[in-house]
Amino acid sequence: MAAPAIQLTDVSKRYGATAALDSVSLSVGEGEFVALVGGSGSGKTTLLKTINRLNPPDAGQVAVAGEDVAGQPPHALRRRIGYVFQEVGLFPHLSVAENIAVTPKLLGWDAARIAERVATLLDLVALPREVAARAPAALSGGQRQRVGVARALAAEPKLMLMDEPFGALDPITRDALGADYRALHERLGLTTVMVTHDMAEAVLLADRVVVLDNGRILADGTPADLLAHTTDPAVRALLEAPKRQAERLRERLGA
Amino acid sequence: MSPRVAAAFELLPEYLGWHVLLSVSALALGLVISLPLAIAAARSPRLRWPVLALASLIQTIPSLALLALFFPLLLALSLLSTATIGRGFSALGFLPSLLALTLYSVLPILRNGVTGLTGVDPAISEAADGVGMTTRQKLFQVELPLAAPVIMAGIRTAAVWTIGAATLSTPVGQTSLGNYIFAGLQTENWVSVLFGCAASAVLALTADQLLGLVETGARTRRRGFVIAGLAGLVVGAAVAMAPLAGLGKPAAYTVGAKNFSEQYILAELMADRLERAGASHVSRKEDLGSAVAYRALAAGEIDVYVDYSGTLWTNVLGRTDNPGRQAVLTGLTTELKRRDGVVVLGSLGFENAYAFAMRPDRAKALNVASLADLAREAPKLTLGSDLEFLSRPEWKAVDGAYHFAFKAKRSFQPTFMYRALAGGDADVISAFSSDGRIAADHLVLLSDPKAAIPPYDAVILISPKRAGDRRLTEALRPLVGAIRVEAMQAANYSVDRDQGKVTPAQAARALALTSAQH
């Protein structure tokens, strides 16, 4: 059997007296789309960042594709993992095309291959090719996050880490971008771990939902499984909120 | 064009060339020091505070003092290196100026560097890590480009400060645009002072505008602006420094001068004689501080200059007694030779003594004719002195002998000291007996019944390494005993007066003619 895409074993991280992660173990299989859900301070972002060593744990082991990440140079590890976050962080002094080309350039790809890849990615994230020469400041919020996704995908990673990627976008853009990304996940055979505080988004996009609270995993399963079997009142409340919301919406809009 | 402006323009290539060379070198060195320091300080908050505090502390030292402090420091280092590796270096001129100005340029670049680097948006910094940049790649590809406009603004500030402060390198013996200002201040040649200020301001503004072009280019990411600005800077600096290539030939002799008219005139007189004796190129180091001049001569930085027996007796040898004019001269000749290897070639024939001077009407009204009378009236009077007199041992000797209790004591540039006396801001001044303004203003010199003030015969001093140079000694020996005090007063006045003033070189030629008649 192949090693899981990600394997966390007894991972802990403390900030002073508070435990951000309290001996968490989690296995993510290849091709899975996992949503990490929880309130602020639940440890979901900390957990995500232990995977690409942006935030190395105090104890425990993190393995990506069967290899312990602690034994690898962080920059080499990160070039193999796509990373998208809410603030996007496009380099303002580089054009859209240069932003997308950053990781391939670091990996030493030749110019022709990079140019071809940039064009492919613009198509893939549904951006017109003419934005390539523009500065990030000249784009809308949704376009910027599409560039962020394209940049993360540029070096053809198999694994994508996303930290509230669509959190700052308006609802329509958010919905469209979420659906587009889910399609990409399928088409490219990616493994995706996405942090969100929004259970509705998690249920709509992910195959599997992991609920965190106070640095521990409260629940872990498909949305339907969780709703059927969870006894924990907090998890139930989290899951039922979007369901109730959907029902109320249907009533009020008379559909 | 007026002859004074024309004379100023004639000196411009040399002064400007040195000024630009000094400023460019100091800025370049300042960049080399402060950029890595800014990067380290931006990385480490623990380093940041002490580094910025130290740089700010340096900035609070007055620039003139900072320049002056490097001279004794370098002199000590030079002596140490002579003692250990057998080779010294010049502690005067370019090196102390360069080091002081470099320190001065550090703060703005450092502070803006730290601000620029720590001001990079954390999201962008996280993205740089996330895409897989190493620390170095992040620095060069993200942090420095984003901080570039702020760093450039710091470099602009540093450039303007450095160009302005470089005018202060004149008193430590480095030619700069400050020569116009310092010499002009001494000889009341306001055209020269204004010319120096204007030249330095134009230079600073030009550099600021060109660097501003680079900054705009960095901020708006327009490469054309950056290239145009840099090209302007390089071409401008090269053109300004080009005349220095012609000055590159080593000087056969260096003649020193302190910072007043008589010294300029005597330096010109000696330089002229050396050139007539066949020396290919005689350079001048003017506007040296009183203590700097003797140490520079003893260290061989300058070959010859004129000092005064009383000054050497009290300040160099630390003597407080006054054995009489001839005994002081004889004592100096043997002591300076024995102690420092400095040769006293001989007295020029006149004294430039400290002499207390009053306006005739005031002296008459108060019935003051001697220092003893002055002590009686002192509580009602204000003493005006030059900048160093009150801290010199001569003042302590006079004060010790007569016990003055002045109402107030004020220090002035010599030029302004006479103005203060004329205008009533001072009642009595520490004048110089060879000053032409004493006769011109009909000032009364007070007698010294207790002989507290030592004699001040002007003597030619020759550096230890030129002690055996026959061409030098033979060229200058005819000046010994050849200059009467009236001739010197007339020469000084021709430079110092308001109307129809002449340059020190012209005054020196006139003085050479009158002294040759004796």
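User: How far apart do the C-alpha centres of domain 1 and domain 2 of chain A lie?

Analyst: This is a predicted model, and chain A splits into domain 1 (1-80 + 159-216) and domain 2 (90-157). Taking the C-alpha centres of these two domains of chain A, the separation comes to 23 Å.

User: Which element gives the largest share of the side of domain 1 of chain A that touches domain 2 of chain A?

Analyst: Here 13 residues of domain 1 of chain A meet 13 residues of domain 2 of chain A. On the domain 1 side, strand S7 (159-163) and helix H7 (171-188) of chain A each supply at least two residues. The largest share, 5 residues, comes from H7(A).

User: And how many nonpolar residues are on that side of domain 1 of chain A?

Analyst: Sorting the residues of domain 1 of chain A that touch domain 2 of chain A by class, you get 3 charged and 1 polar. The nonpolar ones number 9.

User: Moving to chain B, what distance separates the centres of its domain 1 and domain 3?

Analyst: Chain B has three pieces on the list: domain 1 (3-247), domain 2 (253-351 + 455-490 + 509-516) and domain 3 (354-445). Over C-alpha atoms, the centres of domain 1 and domain 3 of chain B are separated by 43 Å.

User: Which helix of chain B gives the largest share of the side that touches chain A?

Analyst: The contact between the chains involves 14 residues from chain A and 15 residues from chain B. On the chain B side, helix H5 (122-130) and helix H6 (135-165) are the elements giving two or more residues. The largest share is 6 residues, and it belongs to H5(B).

User: How many charged residues does the side of chain B that touches chain A have?

Analyst: That side of chain B has 8 nonpolar and 4 polar residues. The charged count is 3.

User: Are H6(B) and H8(B) roughly parallel or antiparallel to each other?

Analyst: H6(B) packs with helix H8 (residues 190-220) of chain B, the axes being 9 Å apart and the angle about 175 degrees. The cut-off for roughly antiparallel is over 145 degrees. So H6(B) and H8(B) are roughly antiparallel.

User: How many nonpolar residues does the contact of H6(B) with H8(B) have?

Analyst: From H6(B), the residues in this contact include Met152(B), Ile155(B), Val160(B) and Ile163(B). Across from them, H8(B) brings in Leu203(B), Leu211(B) and Val214(B), among others, as well as Asp208(B) and Glu215(B). By class, the contact of H6(B) with H8(B) has 4 charged and 3 polar residues, while the nonpolar count is 14.

Definitions and conventions
Residues are numbered from 1 along each chain as its sequence is written. Chains are lettered from A and ligands numbered from 1 in the order in which they are written. This is a predicted model: local features need pLDDT of at least 70, side-chain atom pairs count only at pLDDT 80 or more; totals for chains, interfaces and linings use all residues. Domain bounds come from an automatic or database domain assignment. Two residues are in contact if their C-beta atoms, placed from the backbone, lie within 7 Å. Helices (H or I, at least four residues) and strands (E, at least two) are DSSP runs, numbered from the N terminus. Ala, Val, Leu, Ile, Met, Phe, Trp, Tyr, Cys and Pro count as nonpolar, Asp, Glu, Lys and Arg as charged, and the others, Gly among them, as polar. Axes are lines fitted to C-alpha atoms, for helices over the stretch in contact, and angles run from 0 to 180 degrees between N-to-C directions. Angles under 35 degrees count as roughly parallel, over 145 as roughly antiparallel, 65 to 115 as roughly perpendicular and the rest as oblique.
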